[in-house]
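Here are my notes on the model, point by point. Please read them with the structure open.

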Amino acid sequence: MEMNEVPVTLIIFNRPETTRKVFEQVKKICPKKIFIISDEGRNEKEKEIVREARRIVEDIDWECEIHKNYAKQNMGCGYRVSSGLDWVFDHTEFSIILEDDCVPNRSFFRFCSEMLEKYRDDERIMYISGNNFHKQIPFSHSYDFVNIGWIWGWATWRRAWEKYDFKISSWKEESKNKMLRRFYTDNEYPIFENDLKALSDRGLFTWDFQWQYACACNNGMCIVPCKNLITNIGFGEEATHTKTRRAYYDGRSSELEFPLSDPEFIIPNRKYDYLTLVHLKGFEPGIIRRNLREFRIKIARQRHKIMRCRYEKN
């Protein structure tokens, strides 16, 4: 399957400049079909900025089938993205998905097209990521499989997205029987349990936790490339979730080499998943336990010092 035969989905909002940079890369491959998902602004000033972003991605000077799903009022990040992707997969079997701050390199499109074709009917694979932030974990092949992937530039199939439930309707039952302990490690499960509980208690303010939940419930894996193929340029005050740059992310991407070297076995790389957990939450469970132990020792010493001072005074 040629790169330009894969439909590209663009998720845009109120950042015309980052949108322009993403779209410049999309233009280079001239996809035959583009889906555009756009939320509406929350006030008149933002509405004009949103219209500017829309004009950028509508500037298509090649033969292309364009589909637009523009909100008439602000829907919020969670429902806008989830409902938009529902719409996309009502119209196509698979798609590359790019948000307005995720700039892909050229090899990302070829990588996704080959993986979408190769694993089209493999129910074990839920999606393809363009991200690899763990350079300390060498890959023996061009890509590997993980349980916990990133979605700063990704691709998936209708068959996988059909398993997505924005409302995570089964969560209350899952939180009782804890069946997902079979999918996550002892370190991972409490973290994702807390995330999902917060999502359930505070309202459905995002969409990506639900996607990870769908993957976990279906014992699904993600494909990750041996090199990072996406540059996220969205860090800043205008961002919804990435207001500050993460320590693990250096902002660089590298071109992938072809032809691809395929792994011999479809088994999740749990070392990679462990580092993803560390980076997602900004801590390492082992370090937290050690720091807590040292803190308790310091408190005990301080108490001993206070008691000794009181004894000497008496």
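1. **A loop residue with positive phi.** Ile168 sits in the loop that runs between helix 5 (158–161) and helix 6 (171–177). Helices here are DSSP runs of H or I with at least four residues, strands are runs of E with at least two, and both are numbered from the N terminus. Phi of Ile168 is near 40°, a positive value in a residue that is not glycine. Ile168 counts as buried, because its relative accessibility is 5%. Buried means under 20% relative accessible area, exposed means over 50%, and partly exposed lies in between (1.4 Å probe, protein chains only).

2. **Basis of the model.** The model is predicted: local features need pLDDT of at least 70, side-chain atom pairs count only at pLDDT 80 or more, and totals for chains, interfaces and linings use all residues. Residues are numbered from 1 along each chain as its sequence is written, and side-chain values use heavy atoms, with hydrogens and water left out.

3. Lys178 lies in the loop between helix 6 and helix 7. Its phi is near 50°, again a positive value in a residue other than glycine. Is Lys178 buried or partly exposed? Lys178 counts as partly exposed, because its relative accessibility is 30%.

4. **Overall make-up.** The chain has 10 helices and 10 strands. It holds 314 residues, and 50% of them count as buried. Take the contacts between residues at least 6 apart in sequence: 82% of these join residues at least 24 apart. Contact means heavy atoms within 4.5 Å.

5. **Helix 1 against helix 2.** Helix 1 (residues 16–27) and helix 2 (residues 44–57) have axes that come within 9 Å and cross at roughly 10°. The two helices are therefore roughly parallel to each other. From helix 1, the contact uses Pro16, Thr19, Arg20 and Phe23; from helix 2, Ile49, Glu52, Ala53, Ile56 and Val57. By class, this contact has 6 nonpolar, 1 polar and 2 charged residues. Axes are lines fitted to C-alpha atoms, for helices over the stretch in contact, and angles run from 0 to 180 degrees between N-to-C directions. Angles under 35 degrees count as roughly parallel, over 145 as roughly antiparallel, 65 to 115 as roughly perpendicular, and the rest as oblique. Ala, Val, Leu, Ile, Met, Phe, Trp, Tyr, Cys and Pro count as nonpolar, Asp, Glu, Lys and Arg as charged, and the others, Gly among them, as polar.

6. **Helix 7 against helix 8.** Helix 7 (residues 188–202) packs with helix 8 (residues 208–217) at an angle of about 130°, and their axes are 10 Å apart. Helix 7 and helix 8 are therefore oblique to each other. Their crossing is left-handed, meaning that the near helix is turned anticlockwise from the far one by less than a right angle (clockwise would be right-handed). Phe192, Asp195, Leu196 and Leu199 of helix 7 meet Phe209, Gln210, Gln212 and Tyr213 of helix 8. This contact has 5 nonpolar, 2 polar and 1 charged residues.

7. **Cysteines.** How many disulfides does a search of the whole structure find? The search finds 0, where a disulfide is a pair of cysteine sulfur atoms within 2.5 Å. The cysteine sulfur closest to that of Cys215 is in Cys222, 7.6 Å away and so too far for a bond. Cys215 is buried, at 1% relative accessibility. Cys222 is buried too, at 0%.

8. **A cis peptide bond.** The bond from Phe258 to Pro259 is cis, with omega near 0°. Pro259 lies in the loop between strand 10 (230–232) and helix 9 (270–281).

9. **Arg270.** Arg270 is in helix 9 and is partly exposed, with a relative accessible area of 28%. Its C-alpha atom is 7.6 Å from that of Asn147, 123 residues away along the chain. Neighbours within four places in sequence aside, Arg270 contacts Asn147, Phe183, Tyr184, Thr185 and Glu188.

10. **Met1.** Met1 lies in the segment before strand 1 (8–12). At 34% relative accessibility, Met1 is partly exposed. Met1 and Leu116 are 115 residues apart in sequence, and their C-alpha atoms are 9.0 Å apart. Beyond neighbours within four places in sequence, Met1 contacts Val6, Phe94, Ser113, Leu116 and Glu117.
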